[in-house]
Amino acid sequence: MEILKKRLSDIVGAANVCDRSFVLQAYARDFGTMPPHRPDIVIRPRTAGEIAEIVNLANEFKVPIIPRGGGSAQEAGSTPSENGGITLETLRMNQIVEIDESNGTVTCEAGITYVTLMSALEAKGWKIGIAPSGAMAGTPGAHIARPGVGWGNIKYISSGDQVLGLKVVLPSGDIVCTGTAANPHSDVFFRYGLGPDATGLFVGAEGAFGIIAECTLRMYPMPQKIYLERYKTTDLTAAIQVFRELALNTLVVYVSVPVIKPGQLILFDINVEGDENEVSARVEKIRRLILRNPGIEYVGPEGPQKFWNGRWFMTGEEFKEGIAGAVNYFLPFDKLEKATYAMKEIMDRHGVQNYAQQMFPEPTGSEHVSLMFHHPADSGERAKIWDAMGEMMDRALEMGGAPYSKGRQWAPYLQKHLGNTGYWRMMQAIKQTLDPNHIMNPGVAGL
Ligand SMILES: Cc1cc2nc3c(=O)[nH]c(=O)nc-3n(C[C@H](O)[C@H](O)[C@H](O)COP(=O)(O)OP(=O)(O)OC[C@H]3O[C@@H](n4cnc5c(N)ncnc54)[C@H](O)[C@@H]3O)c2cc1C
């Protein structure tokens, strides 16, 4: 490791390579609850060229590389397996390369935080379509690699849908530009055109096929008005029917459902954007649609509007209850109700003490979230949570669920349920071709 450390220092400078014990400990886990594993070395490159040199060294030394942004995901994709390796943190790659106002695109480095990116765009009157609510720590490189969802789900779908092109360092050390920039005479202005959708290969791969160094996203003029209001009900069936209608008619930018306790309380917030007249007309239509259901009550704009105004800082309020094991996956609308009761039954049977269920609807279904809170030192509660999570991941996949982010947490479950499929064999073949030494985030998402 000493020789490797020296050679890594030659690439990025000694100040950006570290193997001190307390630093390695800080990179042993993410924001989730999976068992921690320390890397052997942490490195912080500045450019795609430096990443390529690091990847070449990793191949020479046959050491895994684990890409990491802010470490705010929950499925242990950015933490090593028990084999350790080099954690490659992208946070020094934090520049906006270009805001192209004539074509409506922004190109940024992979490790800029969403708050930095969005603040710079807002100052010029622009916004991006999708951002995670964990925007203080989250980075676009990671969010595209998961791929993430968040503020904007119904109108803008997912961060993958907002990407026009990527610059990626492959496990071979080669640097690839996707989208129209595959043509060396062009910048990125369109995702498709020069062959298969190579961008899609890296959306959702969680670094297993390469490290995203730069991305070009669509951007949109900042709307004149962003308006939110809240509703409550005890009727889960009616609530899901409303989410479906709002989504199918694209009446909202997104719906957030932070509290689901069927029979007791379901809270949901709608978010609408546009000019004054457009927003008023839409909100009127939305209210009519929602309040057709006698079991749903209008609460008002105060709560969600206050949250929106302080959203960078107020997000994650629920985590004051402790860290959380998370089981997040997408399902079509017609399976959401059954899934809510199925997950609740498992958590209750395992005696999980403190949990929350949430939904974040998409155009054709919804992300279904279960968070199981506990104090980090409470190993008894954590053991119960891990048992419940295993059963929940099996159940989610059996119901046809698609994990939102896989990391290392879902890997054995994906292998178990998909292992005999052509899809799985194709993914393994791509991995083998791109990464014959299995150095690039090995094991993540089962790859
Ligand atoms: C309070 C809170 C709220 C959140 N809200 C949302 C939300 O609304 N929507 C949402 O989607 N997520 C949410 N998250 C999860 C997370 O914050 C986001 O997904 C965020 O974008 C992850 O970025 P990160 O840089 O912290 O990722 P990390 O945890 O560092 O990495 C996540 C995965 O991406 C891989 N990766 C990292 N960088 C790269 C790269 N450059 N190239 C290839 N692979 C890479 C890692 O190996 C890992 O597998 C939330 C988290 C918290 C704590």
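The dialogue below goes through domains, helix pairs and the ligand shell.

Modeller: Please keep in mind that this is a predicted model. We may start with the domains.

Biologist: How many residues of domain 1 are in contact with domain 2?

Modeller: In general, the size of an interface is often expressed as the accessible area lost when the parts come together. Here we count residues instead: 12 residues of domain 1 touch 19 residues of domain 2. On the domain 1 side, α3 gives the most, with five residues. By class, that side has seven nonpolar, five polar and no charged residues.

Biologist: At what angle do helix α1 and helix α3 pack?

Modeller: Helix α1 (residues 2-12) and helix α3 (residues 48-61) pack at about 165 degrees, and their axes are 9 Å apart. An angle over 145 degrees counts as roughly antiparallel, so α1 is roughly antiparallel to α3. The crossing of α1 with α3 is right-handed.

Biologist: Which residues of α1 meet α3?

Modeller: From α1 come Leu4, Arg7, Leu8, Ile11 and Val12, and they meet Glu50, Glu53, Ile54, Leu57 and Phe61 of α3. The class count for this contact is seven nonpolar, no polar and three charged residues.

Biologist: How do helix α8 and helix α12 cross?

Modeller: The axes of helix α8 (residues 236-248) and helix α12 (residues 336-349) come within 10 Å and cross at roughly 135 degrees. That angle makes α8 oblique to α12. Here too the crossing is right-handed. Leu236, Thr237 and Ile240 in α8 meet Leu336, Glu337 and Thr340 in α12, a contact of three nonpolar, two polar and one charged residues.

Biologist: How many residues surround the ligand, and which are the closest?

Modeller: The ligand is surrounded by 37 residues, and the closest are Gly69, Gly77, Gly138, Gly141 and Gly316. The elements giving two or more residues to this shell are β3 (65-68), α5 (140-145) and β10 (211-221). The largest share, four residues, comes from α5.

Biologist: What is the make-up of the shell by class?

Modeller: The shell has 13 nonpolar, 20 polar and four charged residues. Domain 1 and domain 2 each supply at least three residues to the shell.

Notes. Residues are numbered from 1 along each chain as its sequence is written. This is a predicted model: local features need pLDDT of at least 70, side-chain atom pairs count only at pLDDT 80 or more; totals for chains, interfaces and linings use all residues. Axes are lines fitted to C-alpha atoms, for helices over the stretch in contact, and angles run from 0 to 180 degrees between N-to-C directions. Angles under 35 degrees count as roughly parallel, over 145 as roughly antiparallel, 65 to 115 as roughly perpendicular and the rest as oblique. A crossing is left-handed if the near helix is turned anticlockwise from the far one by less than a right angle, and right-handed if clockwise. Two residues are in contact if their C-beta atoms, placed from the backbone, lie within 7 Å. Ala, Val, Leu, Ile, Met, Phe, Trp, Tyr, Cys and Pro count as nonpolar, Asp, Glu, Lys and Arg as charged, and the others, Gly among them, as polar. A residue is near a molecule or strand if its C-beta atom, placed from the backbone, lies within 6 Å of it. Domain bounds come from an automatic or database domain assignment.
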